[in-house]
Amino acid sequence: MARDMQITFDCADPAALAAFWAEALGYQVQGPPGNFESWEQALDAMGVPPEHRNDASAVVDPEGSRPRLFFQRVPEPKQVKNRVHIDVRAAPGLEGDERMAALEKEAERLAAYGATRLSRHEPAPPLGAGHLVMADPEGNEFCLD
């Protein structure tokens with residue numbers, strides 16, 4: 001039986017990281033529950049104190065087919081390389097120089113939202129198509145491929 005899933009990020013600033021990943025993946029920040037017009041209204045009604053209003057955030061695929069990403073505040077900073085990471089498919093169907101140019105263009109776009117470029121891996125046929133290793137604003141590694 002298939003199961004629904006979400007990907008969870010431990011982070012220092014859930015709202016900011018959610019905004020970055022919404023931009024990177026074409027997702028949207030998840031709207032407030034019920035009939036609330038805003039998260040502020042919902043959190044007020046739930047009695048959440050101001051100092052806890054950025055304890056969590058989530059982004060969702062507007063079409064509802066890809067996994068939800070959940071961001072939760074934790075006290076400790078990221079310390080080591082991720083063992084699991086997201087590959088952002090930024091150049092589907094492209095090869096060689098055209099592929100790498102598309103990846104570079106996406107890397108520049110995401111850098112404007114706080115991403116950092118870590119390394120470039122050139123195409124190595126027959127199995128390696130080439131990719132860029134990036135980090136999100138809190139240092140979580142991901143690949144543009």
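These legends describe close-up views of a predicted model of one protein chain.

Figure 1. The chain has 145 residues, and buried residues make up 32% of them. Its secondary structure comes to three helices and eight strands. From the N terminus on, the elements run β-α-β-α-β-β-β-α-β-β-β. Along the principal axes, the C-alpha trace spans about 55 × 35 × 35 Å. Take the contacts between residues at least 6 apart in sequence: 59% of these join residues at least 24 apart.

**Figure 2. Where domain 1 meets domain 2.** Eleven residues of domain 1 are in contact with twelve residues of domain 2.

**Figure 3. Packing of helix α1 on helix α3.** Helix α1 is formed by residues 14-25, and helix α3 by residues 96-111. The two axes are 10 Å apart and meet at an angle of about 155°. An angle over 145 degrees counts as roughly antiparallel, so α1 is described as roughly antiparallel to α3. The crossing of α1 past α3 is right-handed. From α1, the contact residues are F20, E23 and A24. From α3, they are E106, R109 and L110. By class, this contact has three nonpolar and three charged residues, and no polar ones.

**Figure 4. L17, a buried residue of helix α1.** L17 is found in α1. Its relative accessibility is 1%, which is why L17 counts as buried. Neighbours within four places in sequence are left aside here; beyond them, L17 is in contact with F9, C11, F71, D136, P137, E138 and N140. V84 gives a distance reference: L17 and V84 are 67 residues apart along the chain, and their C-alpha atoms are separated by 17 Å.

**Figure 5. V29 in strand β2.** Strand β2 spans residues 28-29, and V29 is found in it. V29 has a relative accessible area of 42% and is therefore partly exposed. Leaving aside neighbours within four places in sequence, V29 is in contact with A22, S57, A58 and V59. For distance, take K105: V29 and K105 are 76 residues apart in sequence. From C-alpha to C-alpha, V29 and K105 are 24 Å apart in space.

**Figure 6. R53 in the loop between α2 and β3.** Helix α2 covers residues 39-46 and strand β3 covers residues 56-60; R53 lies in the loop between them. Leaving aside neighbours within four places in sequence, R53 is in contact with E40, L43, D44 and V48. One of these contacts is E40. R53 and E40 are 13 residues apart in sequence, and 8.4 Å apart in space from C-alpha to C-alpha.

**Figure 7. N82 in the loop between β4 and β5.** Strand β4 covers residues 68-73 and strand β5 covers residues 86-88. N82 lies in the loop between these strands. At 17% relative accessibility, N82 counts as buried, because the cut-off for buried is under 20%. Not counting residues up to four places away in sequence, N82 touches N140 and E141. N140 is also among the contacts of L17. N82 and G139 are 57 residues apart in sequence. In space, N82 and G139 are 9.3 Å apart, C-alpha to C-alpha.

**Figure 8. The cis peptide bond between P125 and P126.** P125 and P126 are joined by a cis peptide bond. Its omega is about 10°. P126 lies in the loop between β6 and β7. Strand β6 covers residues 116-121, and strand β7 covers residues 131-135.

Definitions and conventions: Residues numbered from 1 in each chain as written. Predicted model: local features only at pLDDT ≥ 70, side-chain atom pairs only at ≥ 80, totals over all residues. Heavy atoms only, no water. Axes fitted to C-alpha atoms, helices over the stretch in contact; angles between N-to-C directions. Helix = DSSP H or I, 4+ residues; strand = E, 2+ residues; numbered from the N terminus. Parallel < 35°, antiparallel > 145°, perpendicular 65-115°, else oblique. Left-handed = near helix turned anticlockwise from the far one by under 90°. Contact = heavy atoms within 4.5 Å. Nonpolar A, V, L, I, M, F, W, Y, C, P; charged D, E, K, R; others polar. Buried < 20%, exposed > 50% of the residue type's maximum accessible area, 1.4 Å probe, protein only.
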